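Please go through the model below with the text beside it.

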Amino acid sequence: MTTKIGWVGTGTMGTAIIKTLLAKGYSVSVYNRTQSNAEDLLSLGCNWCETPTQLGLECDTIFLCISGVEAAKEVLWNPRTGLCSGKDKVSTVIDLSTIAPSVAESFEQRLRCEGVTYISCPISGGTEGAEAGALAAIVSGPAGQIASLSELLESFTEKITVVESAAKAQTLKVLNNLAESINLLGALEVLSAGRRLGCRLEEMEQAFMSCRGRSAYMQVALDYLKNGLETSNVGLDVRHKDIGLADDLVCQWKELVISDTVIKQYQSLWKSSGADGDQCDYYRTINKSIPELG
């Protein structure tokens with residue numbers, strides 16, 4: 001059992017997973033660009049490292065849970081403070097981020113040349129899944145290494161799909177996120193139609209979640225309406241990033257009309273709402289002319 005691990009990125013998802021790991025007896029050392037964002041975790045017993053280099057010296061296995069390719073490169077290869085800048089490099093990097101397949105492949109190749117094992121492990125399930133230790137993960141890496149890490153990964157995931165390459169892991173995750181986006185916009189449209197036709201929210205929830213119209217994203221949409229359109233706990237910036245990755249993969253096939261429509265819709269929402277918007281803002285858009293439904 002790997003009992004001492006390193007962690008880079010203490011955002012909402014990272015914090016939720018770390019708390020799950022602490023509850024299961026793991027020792028966790030953390031680095032985050034802004035230390036104040038890790039104070040809650042430090043109060044729970046996490047160790048603070050001033051740089052990724054220090055983190056790599058203390059821990060053999062490091063998780064990355066950060067947004068943005070440039071941020072990941074900085075953490076890994078900054079010549080003064082990066083994980084790979086010290087004489088004794090970290091042995092294993094587990095990347096939980098969703099990134100372009102080509103980028104994951106380049107990370108894997110470069111780290112392999114430096115004697116570091118790269119495990120691509122994009123996760124799905126939201127903070128609620130992280131808090132419950134019930135995330136899904138798509139994992140690639142050397143078979144023996146994955147086997148040795150299985151207990152650690154299973155401490156915060158419920159379902160693991162193992163594939164042959166980092167590029168394949170990310171391709172599947174990006175396509176999953178596209179499916180999420182399609183399902184979410186469809187659910188929001190159905191709920192809008194139901195309210196226009198005089199259906200109460202509680203009636204729709206009981207009916208849709210007991211029939212074949214149910215889905216995880218129908219529940220997300222229902223919860224958003226029940227919350228007074230305040231938040232679905234996922235920002236539009238995250239959904240927009242996911243859509244951009246999906247667009248890069250599938251834009252060559254113009255006959256994928258539904259995918260193309262959803263991608264364009266989220267790009268339009270991004271322009272109108274920006275990073276401070278919510279992934280469910282489409283509901284406001286289609287109901288803006290009907291105030292009583294907004």
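Thr92 belongs to strand 5 (residues 92–95); helices (H or I, at least four residues) and strands (E, at least two) are DSSP runs, numbered from the N terminus. Thr92 counts as buried because its relative accessibility is 2%, where buried means under 20% relative accessible area, exposed over 50% and partly exposed in between (1.4 Å probe, protein chains only). Residues up to four places away in sequence aside, Thr92 touches Asp60, Thr61, Ile62, Val116, Thr117, Ile119, Gln145 and Leu149, a contact being heavy atoms within 4.5 Å.

The model is predicted: local features need pLDDT of at least 70, side-chain atom pairs count only at pLDDT 80 or more, and totals for chains, interfaces and linings use all residues. Residues are numbered from 1 along each chain as its sequence is written, and side-chain values use heavy atoms, with hydrogens and water left out.

Helix 1 (residues 12–23) has 12 residues and reaches 17 Å from its first C-alpha to its last. That span is close to the 16 Å expected at 1.5 Å a residue, the expected value being 1.5 Å times one less than the number of residues. The buried residues of helix 1 are Gly14, Thr15, Ala16, Ile17, Ile18, Thr20 and Leu21. An α-helix has 3.6 residues a turn, so residues three or four places apart point the same way. After helix 1 comes Gly25, with a positive phi near 95°.

Which residues does Ile17 contact, leaving aside its neighbours within four places in sequence? They are Trp7, Leu96, Ile123, Ala130, Leu135 and Phe156. Ile17 is found in helix 1 and counts as buried because its relative accessibility is 0%. The C-alpha atom of Ile17 is separated by 8.9 Å from that of Ala132, 115 residues apart along the chain.

Now to the strands on either side of helix 1. Strand 1 pairs with strand 2 in the parallel sense over 5 bridges; two strands pair if DSSP finds at least two bridges between them. The chain crosses from strand 1 through helix 1 to strand 2, and this β-α-β crossover is right-handed: with the strands pointing away from the viewer, the path from the first strand over the helix to the second runs clockwise. Strand 2 (residues 27–31) is mostly covered, with 4 of its 5 residues buried. Strand 2 also pairs with strand 3 (residues 47–48), in the parallel sense over 2 bridges. Val30 in strand 2 is the bridge partner of Trp7, and in strand 3 the bridge partner of Val30 is Trp48.

Trp7 leads on to the aromatic rings. The structure holds 5 aromatic pairs; rings of Phe, Tyr and Trp (its six-membered ring) pair if their centres lie within 6.5 Å, and planes under 30 degrees apart count as stacked, over 60 as edge-to-face and the rest as tilted. One of these pairs is Trp7 with Phe63, stacked at 4.8 Å centre to centre with 25° between the planes. The pair links distant parts of the chain, as Trp7 is in strand 1 (residues 4–8) and Phe63 in strand 4 (residues 61–64), 56 residues apart. Trp7 counts as buried at 0% relative accessibility, and Phe63 is buried with a relative accessible area of 0%. The rings of Phe107 and Tyr118 have their centres 6.2 Å apart and their planes at 90°, so this pair is edge-to-face. Phe107 lies in helix 5 (residues 101–113) and Tyr118 in strand 6 (residues 117–120), 11 residues apart, and this pair also links distant parts of the chain. Both Phe107 and Tyr118 are buried.

Trp7, Phe63 and Phe156 form one aromatic cluster. Elsewhere, Arg110 lies over the face of Trp77, at 3.9 Å from the ring centre; a charge sits over a ring if NZ of Lys or CZ of Arg is within 6 Å of the ring centre and within 35 degrees of the ring normal.

Some loop residues remain. Glu164 lies between strand 9 (157–163) and helix 8 (166–196) and is exposed, with a relative accessible area of 62%. The C-alpha atoms of Glu164 and Ser140 are separated by 5.7 Å, and the two residues are 24 residues apart along the chain.

The loop between helix 10 (216–226) and helix 11 (236–250) holds Leu229, and Asn233 lies in the loop between helix 10 and helix 11. Leu229 is not a glycine, yet has a positive phi of about 65°; Asn233, not a glycine either, has a positive phi of about 70°. Is Leu229 buried or exposed? Leu229 counts as buried at 5% relative accessibility, whereas Asn233 counts as exposed at 65%.
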